[in-house]
Amino acid sequence: MVTFRNNNGRRSNFRRNERNFKSNGDRNKFNNNFSTSENFQRKSPGRNNHNAPKLIEKYNNLAREALSTGDKILSENYFQHADHFTRILNEKGIQKKISFRNKDLEETADVNENREKKENSISNEKDVAEDKHSEIN
């Protein structure tokens with residue numbers, strides 16, 4: 001037969017503050033660098049949709065297979081998934097076109113600005129040359 005000892009005295013001596021044990025609040029077990037949410041934010045919010053064309057093909061194939069087995073509900077579900085990724089792909093294409101147009105507009109603005117600067121500097125040089133010429137005469 002096992003006799004149980006009274007460990008109450010030992011347990012209270014084990015967790016005394018004078019023995020320099022840290023409480024849970026004092027522990028610095030992990031770095032707090034991960035507490036900020038900026039490390040966990042994705043570049044583009046939402047799902048990882050860079051494989052949208054593959055996913056469209058996958059769900060269309062699954063839908064056709066479900067139709068061939070006679071499961072209309074499952075095939076409709078797969079067609080809806082394919083439609084979802086088709087919309088995402090279209091939105092990405094629109095965003096690319098918009099960003100491309102904005103980039104072109106910025107580049108043409110920069111080219112026009114540089115052209116104006118050159119024209120102004122040339123006209124300033126001509127004015128200085130005319131002033132020198134008039135001073136000489």
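Me: Is Glu-113 buried, partly exposed or exposed?

Reply: The model is a predicted one. The general idea is to compare the relative accessible area with two cut-offs: under 20% is buried, over 50% is exposed, and values in between are partly exposed. Glu-113 has a relative accessibility of 41%, so this residue counts as partly exposed.

Me: With which residue does Glu-113 form a salt bridge?

Reply: For a salt bridge, one looks for a side-chain nitrogen of Lys or Arg within 4 Å of a carboxyl oxygen of Asp or Glu. Here the partner of Glu-113 is Lys-117, and their closest N and O atoms are 3.6 Å apart. Both residues belong to helix α3, where four residues, about one turn of the helix, separate them. Lys-117 has a relative accessible area of 51% and is therefore exposed.

Me: How many salt bridges does the count come to?

Reply: The count comes to two salt bridges. Arg-87 and Asp-83 are separated by about one helical turn, because they are four residues apart in helix α3. Asp-83 is partly exposed, at a relative accessible area of 33%.

Me: How many helices and strands does the protein chain have?

Reply: The protein chain has three helices and zero strands. Read along the sequence, these elements give the pattern α-α-α.

Me: What share of the residues of the protein chain counts as buried?

Reply: Of the 137 residues, 8% count as buried. The accessible surface of the protein chain comes to about 13,100 Å², and carbon and sulfur atoms account for 49% of that area.

Me: Where does Ala-63 lie, and which residues is Ala-63 in contact with once neighbours within four places in sequence are left aside?

Reply: Ala-63 is found in helix α2, residues 52-69. Its relative accessible area is 0%, so Ala-63 is buried. Leaving aside neighbours within four places in sequence, the contacts of Ala-63 are Ser-75, Tyr-78 and Phe-79. A C-alpha to C-alpha distance of 7.1 Å separates Ala-63 from Leu-74, although these two residues are eleven apart in sequence.

Me: Is Ser-75 buried or exposed?

Reply: Ser-75 has a relative accessible area of 3%; this residue is therefore buried. Ser-75 lies in helix α3. With neighbours within four places in sequence left aside, Ser-75 is in contact with Ala-63, Ala-66 and Leu-67.

Me: What share of contacts between residues at least 6 apart in sequence joins residues at least 24 apart?

Reply: In the protein chain, 44% of the contacts between residues at least 6 apart in sequence join residues at least 24 apart.

Methods:
Residues numbered from 1 in each chain as written. Predicted model: local features only at pLDDT ≥ 70, side-chain atom pairs only at ≥ 80, totals over all residues. Heavy atoms only, no water. Helix = DSSP H or I, 4+ residues; strand = E, 2+ residues; numbered from the N terminus. Buried < 20%, exposed > 50% of the residue type's maximum accessible area, 1.4 Å probe, protein only. Contact = heavy atoms within 4.5 Å. Areas by Shrake-Rupley, 256 points an atom, 1.4 Å probe, with all protein chains shown as cover.
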